[in-house]
Amino acid sequence: MSHLQNLLLDTLLGTKHVDSAALIKLQERSLCVASPGFSVMPRDVRTLVNGFAKNPLIARREGLYFKEKDYKCIRADEYSLYAKNENTGVVVVKTQLYLLVATYTEGMYPSVCVEATEKLGDYLRRKGN
């Protein structure tokens with residue numbers, strides 16, 4: 001298992017408030033690593049990358065269509081996208097090289113998912129990733 005995969009599993013899934021996680025390479029617009037059983041299709045990668053490439057206000061106004069669900073965007077800026085659909089949600093944090101994606105499901109605390117994802121994003125930024 002790679003160092004990046006271990007980071008995802010330990011720092012995100014280890015919280016018990018992240019259901020699945022992935023790292024997407026920004027330059028190649030491709031999946032780098034993901035938690036077991038989490039597949040991010042190319043159209044989902046495009047959706048997330050475009051959420052940052054466009055004006056974040058557009059993402060906030062229009063929401064996100066991710067993994068065949070419509071999500072209402074509750075935060076969109078140059079570094080973070082948070083979106084929810086009823087009791088589930090997706091948190092996306094941008095670093096220099098990656099988009100860090102984490103999801104949560106019913107019964108999980110969204111705030112813990114956000115905090116863990118943002119902290120890992122900060123760590124990756126400090127490392128130049």
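These notebook entries record what I looked up in the structure of one protein chain.

**Entry 1. The model**

I noted that this is a predicted model, in which local features need pLDDT of at least 70, side-chain atom pairs count only at pLDDT 80 or more, and totals for chains, interfaces and linings use all residues. Residues are numbered from 1 along each chain as its sequence is written, and side-chain values use heavy atoms, with hydrogens and water left out.

**Entry 2. The whole chain**

I found four helices and seven strands in the protein chain. Helices (H or I, at least four residues) and strands (E, at least two) are DSSP runs, numbered from the N terminus. Read from the N terminus on, the order of elements is α-β-β-α-α-β-β-β-β-β-α.

I then looked up the dimensions. The C-alpha atoms fill a box of roughly 35 × 35 × 25 Å along the principal axes. The radius of gyration, taken over C-alpha atoms, is compared with a globule rule of 2.2 Å times the number of residues to the power 0.38. For 129 residues a compact globule would come near 14 Å, and the chain has 13 Å, which agrees.

Of the 129 residues, 46% are buried. Buried means under 20% relative accessible area, exposed means over 50%, and partly exposed lies in between (1.4 Å probe, protein chains only). For contacts (heavy atoms within 4.5 Å), I looked at pairs at least 6 apart in sequence: 46% of these join residues at least 24 apart.

I placed N85 in strand β5. Is N85 buried or exposed? N85 counts as buried because its relative accessible area is 17%. The side chain of N85 reaches the backbone oxygen of D70 at 2.6 Å. Beyond residues up to four places away in sequence, N85 touches K69, D70 and Y71.

K69 is in strand β4, which covers residues 69–76. K69 has 34% relative accessibility, so it counts as partly exposed. Its contacts, leaving aside neighbours within four places in sequence, are L64, N85 and T88. I also looked up the spacing of K69 and K84: they are 15 residues apart in sequence, and their C-alpha atoms are 9.7 Å apart in space.

**Entry 3. N87**

Where does N87 lie? I found N87 in the loop between β5 (80–85) and β6 (88–94). The relative accessible area of N87 is 44%, and therefore the residue is partly exposed. Not counting residues up to four places away in sequence, N87 touches Y104, T105 and E106. From N87 to E118, 31 residues along the chain, the C-alpha separation is 20 Å.

Which phi does R29 have? The phi of R29 is near 55°, a positive value in a residue other than glycine. R29 lies in the loop between β1 (20–25) and β2 (30–34). With a relative accessible area of 41%, R29 is partly exposed.

I also recorded E68, which is not a glycine and has a positive phi of about 65°. E68 sits in the loop between β3 (64–66) and β4. E68 counts as exposed because its relative accessibility is 56%.

Terms used:
A polar contact is a pair of N or O atoms within 3.5 Å; within protein, one must be able to donate a hydrogen and the other to accept it, and residues adjacent in sequence count only if both atoms are side-chain atoms.
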